Amino acid sequence: MGLFLVAFGLYLRTLHPAYQLDDSPWTVAACATLGTQHAPGYPLLTLLGRLALTLPVGGPYFRVNLLAAVLGAGGAVAAAFLCARLLAPSPLAPAAALFAGAALALTRVWWECALSAKGAVYLLNALLLAAATALLVARRPRRAAAPAALALANHWMSAVWWGAAIGWAGRPWSPRRVAFAGVPVALSASLYLQLPLCARHEPVWGDPVTPGGLLDIILRRTFLPQAALKPAGWAPLQAAWEFFAPWRESGDAVFLLALAGAAVLWRSRRREAAVLLAPVALLLGAVAAVSNPVHVVTGQWMLWLTDRFLLPWHFAVAVLAGCGVALAAFRRAGRSRLVLGMAWLLLLGSGVGRWDRLDHASDYLGFDYAENLRASVARPGTVFAEADYQCFPLVALQRVEQREPGLRFVITNPFLDRPGGWRRLERFAPESHAAAGASILPLTGRPDEASGMRLAALADVFARQGPVFQLPLCSYPELRRRMRWHGLLAVLAPDRAAAAPPAEPAVARLFARLRLRGLHPRVPWKDEAAFSVLYIYGQARAAPGAAAFAATR
C-alpha cells in the first residue's frame with residue numbers, strides 16, 4: 001500500500017494537466033466518444049478510459065491521465081509482489097521487493113507513460129502481463145490465461161508471446177483445461193466488437209464497419225508495408241538497442257543488479273526464470289524483426305518510436321534487480337543494511353536526476369498549440385490535416401471539449417486515401433460526394449495522384465461554404481501548390497492564384513499574442529513528437545525571410 005501511494009503521489013505531482021504531444025489527444029477523444037483509437041484499436045483501454053471520465057475530479061484530459069498514473073503505480077506493486085514470491089522465504093524478500101517496485105516506478109519510460117493518456121495503453125498491457133507472469137510463477141497457468149487474454153484485447157502484438165509460456169507451464173493440457181483457458185480468450189476477443197458497434201462515433205481510425213476494414217485495424221495492415229522496408233541487417237542492431245534499454249532508462253546500478261539477479265535466479269529457480277524471461281525474449285525478438293523505426297523519407301533511425309513496446313522488459317529487469325539486491329545483501333550478511341542503503345541511494349539519485357525532464361505539471365504546450373491554431377482559423381471554415389502529432393490536439397478540441405461547431409476538421413492522409421474514408425466523410429458532409437469521382441484512378445491507400453486530385457476537388461467544394469485551411473505537413477503536390485501563409489496554418493487558395501508573401505509586421509503581431517506555456521527552461525524536456533509541433537511555429541515565424549530569400553535567389 002505504501003509503495004502504491006508513493007508511486008501514485010510521484011506521478012500525480014508530475015502529471016500532465018492536459019495532454020502530451022503524442023497520440024494522447026486522440027486517445028482521450030476516443031475514450032470520450034467511444035470512438036476507435038489508433039490501430040489496433042485498444043478497446044479495453046477505451047472502455048476503461050470512458051469509466052475514468054466519470055470521475056468527479058479535474059477535466060477530461062486529467063481524468064484519463066489519472067488512469068495512467070494508477071496503472072503505473074499498480075505496475076510497481078506488481079513488480080514488488082513478484083519479486084517477493086521469487087525470493088520467499090528469505091528474510092530479505094520485503095526489502096528487495098520494495099526496491100524492485102521503486103526501480104520500476106522510477107524507470108524513465110515507465111514514469112513517462114504514467115503521465116499521459118496514450119501511456120495508459122502500454123501500462124495496462126504491462127500490468128496484465130505482469131499478473132499473468134505472477135500466476136505462472138505460482139504454477140496456475142489456467143488462471144494466467146485470463147489476464148493474458150485481456151491483454152490481447154488491448155495490445156495483442158505485445159501479449160501474444162505469453163501464450164507460449166502459458167502453454168509450456170500448463171503441460172499436459174486436457175480438453176477440459178483447454179476449454180477452461182479458452183473462455184477468457186473468447187470473452188476478451190469479443191471486446192473488439194466495440195470498434196464496429198461504435199464506428200459512427202468520431203474520431204475513428206480506419207474503417208471498422210466492414211470486415212476487411214476491421215481486420216485492417218486489428219492487424220495493423222496499413223503499417224505492414226513500412227515494416228517491410230527495413231533492411232534485414234538492421235534487426236540485430238535494433239535488438240541490441242532494445243536489450244540495453246533498461247541500462248539507459250533505469251541506470252547502471254539497476255541493470256547490473258538485474259544481471260546478477262538473473263544469474264542467481266537461473267541457477268536456483270530455473271523454471272521461474274524461464275517463465276519470467278522467455279515471453280520477454282520473444283517480445284524483444286518480434287519488435288526487432290517486425291517494427292521499423294526508420295524514417296522512410298530520410299532513412300533516419302527513430303528508435304524512440306518503439307521504446308514503449310519494451311515495458312514488459314523493464315518490468316522483468318526491475319524484478320531481477322530486486323533479486324540482485326537480495327543476493328548482494330545476503331553475501332554481505334554483516335553489512336546488509338549498508339548494501340541496501342547504497343542501492344537505494346543510487347536508485348533515488350537516478351530518479352532525482354530525471355525530475356526536470358519528467359515534471360509535466362506546468363506543460364500546456366499541446367493545449368496552447370490547439371488554442372493557437374483555433375485562433376488562426378476563420379469561421380465557418382474547414383481544416384485539412386494529415387494524421388500526425390501536429391493534428392491530434394485539434395481532434396481533442398472538437399471531440400472532447402465539443403467546441404467550434406462551425407469548424408469542420410477533415411483528416412486526409414491516411415483516411416481519404418481509401419474508399420472507406422470517403423464513405424465516412426459523406427455521412428457528415430454529403431456534399432463531398434461531388435469530389436469523390438474527381439479522378440478515374442483507383443485509391444491505393446497512399447497520398448498519390450488519385451487521392452490528391454480528389455482532395456483538390458474537395459477543397460473547391462468546401463471553399464463555397466468558407467475558407468479551407470491546411471496544416472503545414474502536406475504530402476499532396478496538388479494541395480501544396482495552393483498553400484498560402486495564414487498564421488500557423490496555410491489557406492488553400494484557388495488554383496493558379498497569385499502568392500502574396502507574408503509581411504514581417506503581420507508575423508510579429510501573430511507571435512506577440514501566442515501562448516506557449518511549457519516551452520522555456522525548467523520545464524519538461526522536448527521529445528521528438530513535441531519538436532514536430534514546434535516546427536510549425538518555426539516555419540510560420542521564418543515565412544517572411546523564406547519568401548524574401550526565394551524572391552532574390
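Visitor: Ground rules first. What kind of model is this, and which pLDDT limits apply?

Guide: This is a predicted model: local features need pLDDT of at least 70, side-chain atom pairs count only at pLDDT 80 or more, and totals for chains, interfaces and linings use all residues. Residues are numbered from 1 along each chain as its sequence is written, and side-chain values use heavy atoms, with hydrogens and water left out.

Visitor: Start with the open sheet. What is its strand order?

Guide: The order is E2-E1-E3-E5-E4, five strands with mixed pairing. Strands (E, at least two residues) and helices (H or I, at least four) are DSSP runs, numbered from the N terminus. Two strands pair if DSSP finds at least two bridges between them.

Visitor: Which are the edge strands?

Guide: Strand E2 (407-411) and strand E4 (483-486). Each pairs on one side only.

Visitor: How many degrees are neighbouring strands turned against each other?

Guide: On average 35 degrees, direction ignored. Axes are lines fitted to C-alpha atoms, for helices over the stretch in contact, and angles run from 0 to 180 degrees between N-to-C directions.

Visitor: E1 and E3: parallel or antiparallel?

Guide: Parallel, over three bridges. E1 covers residues 381-385 and E3 covers residues 468-470. Val 383 stands opposite Phe 469 in E3.

Visitor: Which helix packs on the sheet?

Guide: Helix H25, residues 449-463. H25 touches E1, E2, E3 and strand E5 (489-492). Its direction makes about 160 degrees with that of E1. Contact means heavy atoms within 4.5 Å.

Visitor: And E4 with E5, parallel or antiparallel?

Guide: Antiparallel, over four bridges. They form a hairpin with two residues between them. Gly 487 in the turn has a positive phi of about 70 degrees. Trp 485 has Ala 490 in E5 as its bridge partner.

Visitor: Switching to charges. How many salt bridges in the whole structure?

Guide: A search finds 17. The criterion is a side-chain nitrogen of Lys or Arg within 4 Å of a carboxyl oxygen of Asp or Glu.

Visitor: What does Lys 118 meet in a salt bridge?

Guide: Asp 23, at 3.7 Å, N to O.

Visitor: What about Glu 272 and Arg 139, how many residues apart are they?

Guide: They are 133 residues apart. Glu 272 is in helix H17 (residues 270-290), and Arg 139 is in the loop between H7 and helix H8 (141-159). Their side chains meet in a salt bridge at 3.8 Å, N to O. Glu 272 is buried at 6%, whereas Arg 139 is exposed at 53%.

Visitor: Back to H25. Which residue forms a salt bridge with Asp 460?

Guide: Arg 482, with the closest N and O atoms 2.8 Å apart. Asp 460 is in helix H25, and Arg 482 is in the loop between helix H26 (477-480) and E4. Arg 482 is buried at 7%. Asp 460 is partly exposed at 35%.

Visitor: Which residues are linked in a network?

Guide: Arg 108, Glu 112, Glu 249 and Asp 307, through salt bridges.

Visitor: New topic. What volume has the second largest pocket?

Guide: About 400 Å³. On a 1 Å grid over the protein atoms alone, a pocket is an open set of points where a 1.4 Å probe fits, with protein on both sides within 12 Å along at least five of seven lines; lining residues have an atom within 4 Å of a point. Grid points are joined across faces, edges and corners, and the volume is the space filled by probe spheres set on the points.

Visitor: Which lining residues are closest to its centre?

Guide: Of 19 lining residues, Glu 202, Arg 399, Phe 409, Val 410 and Phe 428.

Visitor: Which element gives the most to that lining?

Guide: E2, with five residues. Helix H22 (392-399) and helix H23 (419-428) are also among the elements that give two or more.

Visitor: What do the buried residues of H23 pack against?

Guide: E2, helix H24 (433-436) and H25. Those buried residues are Gly 420, Gly 421, Trp 422, Arg 424 and Leu 425.

Notes:
Buried means under 20% relative accessible area, exposed over 50%, partly exposed in between (1.4 Å probe, protein chains only).
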